[in-house]
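Colleague: I have a two-chain model open. Can you show me how to read an annotation and an interface?

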Amino acid sequence: MSELVKITPPLSDEDVMKLKVGDRVLITGKILTGRDSAHKRLYDLIQKGKALPIDIKGQIIYYVGPAPAKPGSVIGSAGPTTSYRMDPYAPLLMEHGLKGMIGKGVRSQPVRDAMQKHKAIYFAATGGAGALIAKNIKAARIIAYEDLGPEAIRELEVVDFPVVVANDAFGGDLYEEGMKMFRR
Amino acid sequence: MREVPYQTIVDTVAKLCMDANYFIGDDIIQAFKQGIEKEESETGKDILRQLLENAEIAKTEKVPLCQDCGFAVVFLELGNDVRAEGGIIKAINDGVRKGYTDGYLRKSILSDPVKGKNTGDNTPAIIHTTLAPGDKIKITVAPKGGGSENMSEVKMMKPADGIEGVKNFVVDRVLRSSSNPCPPIVVGVGIGGTFEYVAFLAKKALLRNIGDRNRDPFYADVEKELLEKINNLGIGPQGLGGRITALDVFIETHPRHIASFPVAVNINCHVARHKTAII
């Protein structure tokens with residue numbers, strides 16, 4: 001198994017180029033959240049040439065809609081949602097500076113092409129391990145689209161958030177490679 | 001006619017919603033442990049260990065196993081000699097509202113599929129009702145997450161396709177689903193009936209516990225064969241490659257029209273939530 005790599009956003013092109021498919025990565029620092037509805041709103045704003053309510057340059061977006069926080073907790077269970085639903089929006093966000101995405105599941109070819117072109121990275125977190133992942137989230141606050149409830153954009157402060165590089169900026173795809181290795 | 005107080009139904013359903021989301025089945029825990037032994041991929045083993053740890057945290061802290069606390073799918077078996085005061089459908093929905101609100105479960109239901117806003121309390125539930133002899137009410141709550149539900153499919157096959165056609169369809173459906181439904185998955189298969197009924201059969205199949213084989217030895221063998229074929233795909237835990245793609249495959253069947261051969265595949269993620277109470 002590969003060595004653990006530690007990263008903190010914002011990410012530069014150089015940071016992204018150091019990461020390869022299969023690398024196990026621990027993320028510490030501030031990351032953004034966003035899923036279906038928030039992506040559509042960001043996409044529509046860019047299309048209309050308007051300013052975004054958040055700065056995405058060099059940032060990582062985590063595809064998550066957390067469960068409500070119990071009293072005394074900063075957040076409820078918060079595992080990744082399936083990423084392909086964000087595929088129609090992701091290339092435009094990368095064009096505008098987004099450097100990382102965290103989710104689960106395979107990405108479309110246009111997304112993978114955009115990752116190579118704009119030097120971005122896609123991390124897989126463990127789907128369905130929402131209670132475990134919430135332990136790595138130390139603070140959460142809504143920074144845009146509060147009306148969307150669980151789909152609102154949040155800023156999360158994470159410590160050693162464990163992910164695996166599923167797609168790198170060189171065209172590598174862990175889903176394809178992993179499956180090939182174990183197929184019979 | 002036996003009468004059950006309205007509040008009893010509400011409280012029972014609320015508890016089932018919470019328990020199903022906090023407490024993973026013992027059968028699933030065992031399957032994870034066996035999976036760690038059998039899994040050849042180190043990443044796969046690591047993911048299965050994370051899932052065991054996740055289940056422990058959810059149980060101890062009473063927090064949902066997964067942030068997607070699902071559509072509240074309710075299987076209601078209503079005895080002929082029992083009635084719920086004030087209406088059982090309303091009571092079930094009030095129970096879902098209470099369970100998802102008091103239990104800090106995520107609310108994921110939009111009031112209208114195109115124009116809708118979040119209903120804010122995870123209602124309405126999807127309720128499948130059957131009548132049964134006796135004076136008991138059996139309620140099963142099976143919260144269903146979106147990621148795995150989206151990988152499900154109904155196919156109106158030709159009778160000539162036969163059981164081999166069914167096998168190919170099921171394996172292909174899992175292959176095309178790849179990492180999306182959060183493998184290791186549980187696969188529910190419906191064969192027979194009509195277009196709408198076959199989907200219900202596939203959903204109902206997901207209520208079985210890991211290792212529970214179909215009573216008909218023919219279908220029991222097909223279940224075992226499909227499990228092996230699916231685990232040979234190499235998809236593995238979370239789709240990152242490995243041997244443990246599915247924990248089990250369950251088939252439910254029904255008589256069919258001479259012209260039709262409906263088959264449905266309903267995929268469940270590894271939490272495979274379902275909890276039952278008898279009132």
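Colleague: Which residues of chain B does the UniProt domain annotation cover?

Modeller: UniProt positions are given in the numbering used here, feature names are shortened, and annotations may be inferred rather than shown by experiment. Here the unreviewed entry places "domain: Fe-S hydro-lyase tartrate dehydratase alpha-type catalytic" on residues 11-277 of chain B. That span is 40% helix and 24% strand, and its end C-alpha atoms lie 11 Å apart. Helices (H or I, at least four residues) and strands (E, at least two) are DSSP runs, numbered from the N terminus.

Modeller: Some ground rules. This is a predicted model: local features need pLDDT of at least 70, side-chain atom pairs need 80 or more, and totals for chains, interfaces and linings use all residues. Residues are numbered from 1 along each chain as written, chains are lettered from A in written order, and side-chain values use heavy atoms, without hydrogens and water.

Colleague: How many residues does each chain bring to the contact?

Modeller: Contact means heavy atoms within 4.5 Å. Chain A brings 37 residues and chain B 43.

Colleague: How many salt bridges are there between chain A and chain B?

Modeller: Look for a side-chain nitrogen of Lys or Arg within 4 Å of a carboxyl oxygen of Asp or Glu. The count is 2. One of them pairs Arg184(A) with Glu40(B), with the closest N and O atoms 2.9 Å apart.

Colleague: Which elements give two or more residues to chain A's side?

Modeller: Helix H5 (130-134) and helix H6 (174-182) of chain A. H6(A) gives the most, with 5 residues.
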